[in-house]
Amino acid sequence: MPRVHYLNATYGIRSWLLTTDHKRIALLYLASVTFFFFIGGLFATMIRIHLLTPAGFLVTPETYNKLFTMHGVAMIFFFLIPSIPAVLGNFLLPIMIGAKDLAFPKLNLLSWYIYLIGGMFVLYSFSTGGLDTGWTFYTPLSSVYSNSAVTPAVIGIFINGFSSILTGLNFVVTVHTMRAPGMTWFRLPLFVWAQYATSIIFILGTPVIAITLLLAGLERMFHLGFFNPALGGDPILFQHLFWFYSHPAVYIMILPAMGVISEIIPTFARKPIFGYSFIAGSSIAIAVIGFFVWAHHMFLTGESTYAALAFSLLSYLVAIPSAVKVFNWASTLYKGSISWDTPMLYALGFIGLFLIGGLTGLFLACLGLDIHLHDTYFVVAHFHYIMVGGAVMGYVGGLHFWWPKITGKLYPEFMARVAAIVLFFGFNLTFFPQFLLGYLGMPRRYHTYPPEFQVLNVMSTAGASILALGYLLPMIYLVWSIKYGKVAGPNPWPSTGLEWKTASPPPTENFDVTPEVTWEPYDFKNRPDLGLDGGSPSLAPAHGDD
Amino acid sequence: MQSQLPLYPEQASNFAPQVDSLMIFIIAVCLFFAVAVTVAIILFFFKYKRRTEVEVGVPIHGDMRLEAAWMIVPLILSLAMFGWGAVVYVDYRTTPKDTLDIYVVGKQWMWKLQQPNGLREINELHVPVGQNVRLIMASEDVIHDFFVPAFRVKMDVVPGHYNTMWFQPTKPGKYHFFCSQYCGTNHSVMEGWVTVMEPSEYASWLSGSSGGGDANPVVAGEKLFAEKACITCHLSDGTGRAPSLNGVYGAKVLLVDGAMVTADDSYIRESILTPNAKIVAKYSPLMPTFQGQLTEEQILALTAYVKSLQAQPVPATGSGIAPAAGKK
Amino acid sequence: MHRTGELYGQFKTLDQQKETAALGMWVFLVTEVLFFGGMFMTYTINRHAYQAAFGLGGNTLDLKLGGFNTVVLIMSSLTMAGSVWAAQVGKRQLISLLLVATLVLGGVFLGVKAIEYKQKYDHHLIPGHSFDITYCGKTPAACGFAGEQAALETEELEKALAKDPDLNAHAQLYFSLYFGMTGLHALHMIVGAGLLIWLLKESFAGRFTPEYNTPVEIVGLYWHFVDIVWIYLFPLLYLIDRHN
């Protein structure tokens, strides 16, 4: 390990809380998103336990409704949306493009504080009466009828939105103006393309949810009538405004994970990604088309049939770029030199689960099927496959992949592979039965259900307990590895990105000398410095078997 | 009969087999791709496992033909899935003419349903098999959704709007219905049973039961029509200050600004609540609003009464119905 | 705190720093377009649904004051652009002078807005318990109308009530959006005023030169944006369906 790096360059709590180093800010985010993951996970645990019996035995109906609402709010706004961009994106983006930091480092720190303030409002809401409107805040239930702590929650999410906006702004400007010499757009790592596409959505979409929640909050506080039919308003207008952001938001959650997979697969197959420009282009296509499909959440509100037809067609179109990615990833494996390391296991697990999640989206985009499937457990299964099976797996896989770079240590490989497999198995057992429950007609957001649905619910809860273990294990051994893990060299895998050309952990300024890029991305053949394919073995051991 | 672990609910409506076939088609397409990709990945994962520490893979940057193929083929299949789904949906959103109309009011946390003869039910719906049924739904408070899994149909019930849905029950029996739009504390228990009966049984059930306490909505509507003084202006012979309502339900009405509208349920409701939104040609904006003076049930009753006037003779002058095409 | 004009650590050249700052402000303004856009969308949809109420509401706005404010704001954009130019050609005193002019004009705008808001308060047009669109029609004297004008007011009100029995609720919707949109705009102007004060401080210290004047340019961009929002607000709120 290098003697001075970003972790030990300065000491003391002030040097962390007032840092402008993107790497430290990434770790601040890591701590806070993990905290919210625990909170959301706690609620999920209670939900699944409660649903072991048809009558529901754990909590009252009011509490149950609060549990699923708060689970959604915590996980979506305070865990999933920031996770990869604010943790991995913040840490890696400048290094990957050869810069010393983001374009606006102080703004970056401000983003984190805004996130915290938003989080505090939401925690206040959770602990003083809770929130029972569903994370979707449909009116007039949320603006008139609910008796829970809606206003502080809405304020918290509103504030948190600015954290996203500033992060997106920072990333877009950084990619445009801070690239090292020779780092052209088409030499950028695909992770950067993914962050760029995500940032476009941050910038264009988040302000709309901000104004929507502002209006809903004002309606609730001052009895105004934007979305309340009793005062001349329209609840469907709320849904349009809400989903205009919240649909692109799901692409905010998945695009960065796809970016992670696009880094892991070439590395652990030791060959260039198949179809680089198609993967890069598909990220942009998803971001753009994703803004035109929002009303597929509203097929059964009584919206015009013509509108429904248009949105259904567009929803099929947005699936095509995702399919392109999956085919390209799979093709990259052909004639590769494939290692079975943990990040690769996560990447392949991602592909499998994202396949199911993405394909089941096609069921929901289908107008005729959506009549039956809308608002059932089928939808719940679909989005968990993508958000948990996809986004979270991508996040955890990325944490493993870049762990040596971030901490300078290697995690224990055997334990990590076991955890990955446990996670994959537990996840499928939890959520696959929910597809069946949905088709059988079990609606979502139900605290009690007809007895014939019990078997599938019990299976789902059993899976959840295994899934929980799959998450706990990495938390334990990753923390353990910080102190006791084997020391990692600058490029343990090895991989080809710029981040692997600097020390592990990197110095505060990222590079001792600004790199000049003359090579194509994922080029394992023409990189003698990697020590592969007959070159001199100058690598630190990948698995600590020295 | 359902097996121990059923995969789908009973098929009890005209839509059920359509939706199930569509489901099988999409499962087939998706299963094909899922299996193909998974098998390929697993194959490559084992076949190309790294053999030496310094080995690299064969650099293959891409293939335009493959990219084109796996964009075009999914696109075609997507269009097929979209098209078939669209056909079913358009059928669902196009209510046939000859329906048995049931009025439904959803509120936290129960369903109030009313048969055409006025018979009321709470959390229960009796319908005859083989007959097109239309549900006309309103909400008293928040958004609800009426969902019958065995029929494969649902529709949101939105306050401030009327939403309609239709189906044709095809198999006698008892089928669960649920609220499927989260609506607060007791959302999960806002459920009930649809009982589908043979037409003769349905008829005797309809007349045999006590009438539910309230009059037939048409009779109730007729009473209200007089009570609220509608009858003082809307004389049936067309000589009043307001147009006769004979035959107007479902007909095209000509307005002062030259526009033509169809006198459907929404139009009648609007005419009662915001009468000056649309003025019938040759009439003045004299009608007062009844906003705040009528409950949803009363509006439905008045609508039912106006509908019952469909068969009454239309006066030569003093009707709002647009003249037939070609005449001035 | 870095002195302005110095190269920050993450940049390699002053040019890169300047380009980055400008791009950053443009991207931020895009987010602002989407932010205001959501409310504009809500307003437009509701105006279409409730033409009588929104027309009546719009007519209670003072065209003279609104027009005056529009001219004031456009002039302030002129003085702002002028100060950017002054910085580019090195006329240091002129920079500060024009910044002061911009600030003063901005203050005038906010002052007139305050007058308008007070008038709304007096006429029972603030959304809430005491909102009453019929107040001025029923008691024109209380709103400062007399004679023929008073008769006109009452007639307008009656016409609108005939078209829309729910006039009060829908008019309250209009005013909620009026205060929401102009309030959000005013908030942005106050932030702008704060930025101008900071710029003045730097300008008095002689920090802006032809080689380095990025902060002036960027605040200029922001100020012009806030002006443009008003250029959209004015016709939408004051001019559509204007009778008198």
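Here are some friendly notes on this predicted model, point by point.

1. A word on conventions before the details. Residues are numbered from 1 along each chain as its sequence is written, and chains are lettered from A, with ligands numbered from 1, in the order in which they are written. As this is a predicted model, local features need pLDDT of at least 70 and side-chain atom pairs count only at pLDDT 80 or more, while totals for chains, interfaces and linings use all residues.

2. Let me start with the contacts between chains A and B. Here 79 residues of chain A are in contact with 75 residues of chain B, where contact asks that the C-beta atoms, placed from the backbone, lie within 7 Å. On the chain A side, the elements giving two or more residues are α3 (61–96), α5 (141–145), α8 (235–269), α9 (276–289), α10 (305–333), α11 (342–365), α12 (367–373) and α14 (413–440). Of these, α10(A) gives the most, with 14 residues. Helices and strands are DSSP runs numbered from the N terminus (H or I of at least four residues for helices, E of at least two for strands). By class, this side of chain A divides into 50 nonpolar, 20 polar and 9 charged residues. Ala, Val, Leu, Ile, Met, Phe, Trp, Tyr, Cys and Pro count as nonpolar, Asp, Glu, Lys and Arg as charged, and the others, Gly among them, as polar.

3. Next, chains C and A: 26 residues of chain C are in contact with 29 residues of chain A. On the chain C side, α1 (14–49) and α7 (167–204) each supply at least two residues, and α1(C) gives the most, with 15. That side of chain C has 12 nonpolar, 12 polar and 2 charged residues.

4. Do have a look at α1(C) itself. Its 36 residues reach 53 Å from first C-alpha to last, close to the 52 Å expected at 1.5 Å a residue; the expected span is 1.5 Å times one less than the number of residues. At C:Gly37, α1(C) bends by about 25°, the bend being the angle between axes fitted to the seven residues ending there and the seven starting there.

5. Buried means 20 or more other C-beta atoms within 10 Å of the residue's own, exposed 12 or fewer, and partly exposed in between, with C-beta atoms placed from the backbone.

6. Strand β4 (residues 124–128) of chain B pairs with β10(B) in the parallel sense over 5 bridges, and B:Leu125 stands opposite B:Val194. Strand β9 (residues 173–179) of chain B runs antiparallel to β10(B), joined by 5 bridges, with B:Phe177 opposite B:Gly192. Pairing requires that DSSP finds at least two bridges between the strands.

7. Some backbone geometry in chain A is worth a check by eye. The peptide bond from A:Trp493 to A:Pro494 is cis, with omega near -10°, and the bond from A:Ser504 to A:Pro505 is cis, with omega near -5°. A:Pro494 lies in the segment after β2 (486–487) of chain A, as A:Pro505 does.

8. Finally, phi of A:Asp375 is near 60°, a positive value in a residue other than glycine. A:Asp375 sits in the loop between α12 and α13 (377–407) of chain A and counts as buried because it has 23 C-beta neighbours inside 10 Å. A:Tyr522, in the segment after β2 of chain A, also has a positive phi, near 60°, and is buried, with 27 other C-beta atoms within 10 Å.

Notes
Two residues are in contact if their C-beta atoms, placed from the backbone, lie within 7 Å.
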